[in-house]
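Morning, everyone. I'd like to talk about salt bridges today.

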Amino acid sequence: MVARAYTVAFEGVDARQVEVQCALSPGVPAFSIVGLPDKAVSEARDRVRAALASMAIALPAKKITVNLSPADLPKEGSHFDLPIALALLAAIGIIPEEAVEGAVALGELSLDGTLVPVIGALPAAMSAADDDRALVCPRACGAEAAWVGAARVLAASSLTAVIQHFNGQSPLAPADPGEVREDVSGRDFADVKGQERAKRALEIAAAGRHHVLMIGAPGSGKSMLAARLPTILPPLSPAEALETSMIQSLAGLIDEGGISRSRPFRDPHHTASMASIVGGGRGAKPGEVSLAHNGVLFLDELPEFARPVLETLRQPVETGEVVVARANAHVRYPCRFMLVAAANPCRCGHLADANRACGRAPGCGEEYLGRISGPLIDRFDLRINVPPVDFMDLAEAPVGESSAVIAARVAAARAVQTARFEGSPGLRVNADAEGRLLEDIATPDAEGQAMLVRAAERFGLSARGYHRVLRVARTIADLEGADRVQRPHVAEALSYRLNGYSA
């Protein structure tokens, strides 16, 4: 007789169903797990044996074989403990087999039978819903997994509670979805004195999810501006929150009893490796570009990043997804993020100040920014100079707009775009538009078109640069509530493109 339970194995953000088969046969007492398990899965037999012993459940003096099917799919992680235990309990008649087969289970067992939270509860719930099964998971994972409304999520604190549920002694109540609210009230755009042009550029970027490059002297406020960008971004929609949280679940970043509707803000250090930025390592885990999905990826001191790391950003920025290929894994992660980068104009940072610049100016600036390749710079929609703020301005009271005022305009522009792309799957903001659709929504009036053509001829705009100007102009028009892109919108979009850097 073979008893069956079900769980999942992760391939990127996808969860593939795994059938856990348990058979008891005559022979020398043994407990073996087959089906391409890694070390953590192989060790499950000891955790399961100890957990059952703590509950005074004796294993029969038979040969126990657990097979994880399909056998050619690598099995990694400690979440196989619970399904292995359930299949074994069903095989020895402790719990009904048909009840176990109607659920997908995942969870790590401690030696006393307590269920320890594991990663991947959200993708597992999606898989369970597709197979029309319930999900049994640790209590700490319930609020996260319950966001999948189509799945019945049963969160238990221990293996004893799971056994009592399947035996009908004490049924588990379905878990409720949890939401974590992050407090960002301590930061506000009103704190930034001066830098009105930079604020305007970030407002445009937030409205259309455009990429921004800020170049300015040390202390001019680049990092301060970027840190306040999340305060003007609209909250994640339910669909976006689910997408983003599935990636965070696989990375083990959901540990507060639910998922967040705040957009992610990732700011890796410039010493970060390629695997940490684009993904990889053991198990081809998601990198920073994927963890920033539907949010912001801030790269401070951009020229200081390793050149190979910067070059790997070119494809994710353009396509909105990254493929992590390793010898034992080939997975695809979504990564539609807003890239915000900051850099000094040169190594010393004072290229624009004749009294403080080094003796190698202006050659030092060209050499320093030359670390950023032309094709990568070409992918920034807005490029702005952030000049130093005069110390006399710092003594004045804040006079700029608050984040709440700017956020209201951004939300209104995003609502226009949501309505515009309602019938276009995969498109949400102006930055996603391309081809014929971009021409339909962003072709300017006659005066604007003439200006754009003259600028393209004079400054040598690339085809990518031409289309990015159109996208930015469309976003500027949305912020003003204009139905048609006009000459002033094109002029402002060009001003962020043609500022001395590669077009």
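Start with R409. R409 is partly exposed, at 27% relative accessible area. Keep in mind that this is a predicted model.

Which side chain does R409 meet in a salt bridge? The partner is E203, at 2.8 Å, N to O. Now look at where the two sit. E203 is in helix α8, while R409 is in helix α18, residues 403-420.

Is E203 buried or exposed? Its relative accessibility is 5%, so E203 counts as buried, because the cut-off for buried is under 20%.

E203 has another salt bridge to show you. Its side chain also meets that of R200, at 3.9 Å, N to O. That distance falls within the 4 Å cut-off. Here the contact is local. R200 and E203 are three residues apart in helix α8, residues 196-208, so about one helical turn separates them. R200 is partly exposed, with 22% relative accessible area.

Next, another pair. E311 and R314 meet through their side chains in a salt bridge, 2.3 Å from N to O. R314 counts as partly exposed, at 26% relative accessibility.

Then there is a network. Salt bridges link E318, D378, R379, D381, R383, R464, R468 and R497.

How many salt bridges does the whole structure hold? The search finds 31.

Terms used. Residues numbered from 1 in each chain as written. Predicted model: local features only at pLDDT ≥ 70, side-chain atom pairs only at ≥ 80, totals over all residues. Heavy atoms only, no water. Helix = DSSP H or I, 4+ residues; strand = E, 2+ residues; numbered from the N terminus. Buried < 20%, exposed > 50% of the residue type's maximum accessible area, 1.4 Å probe, protein only.
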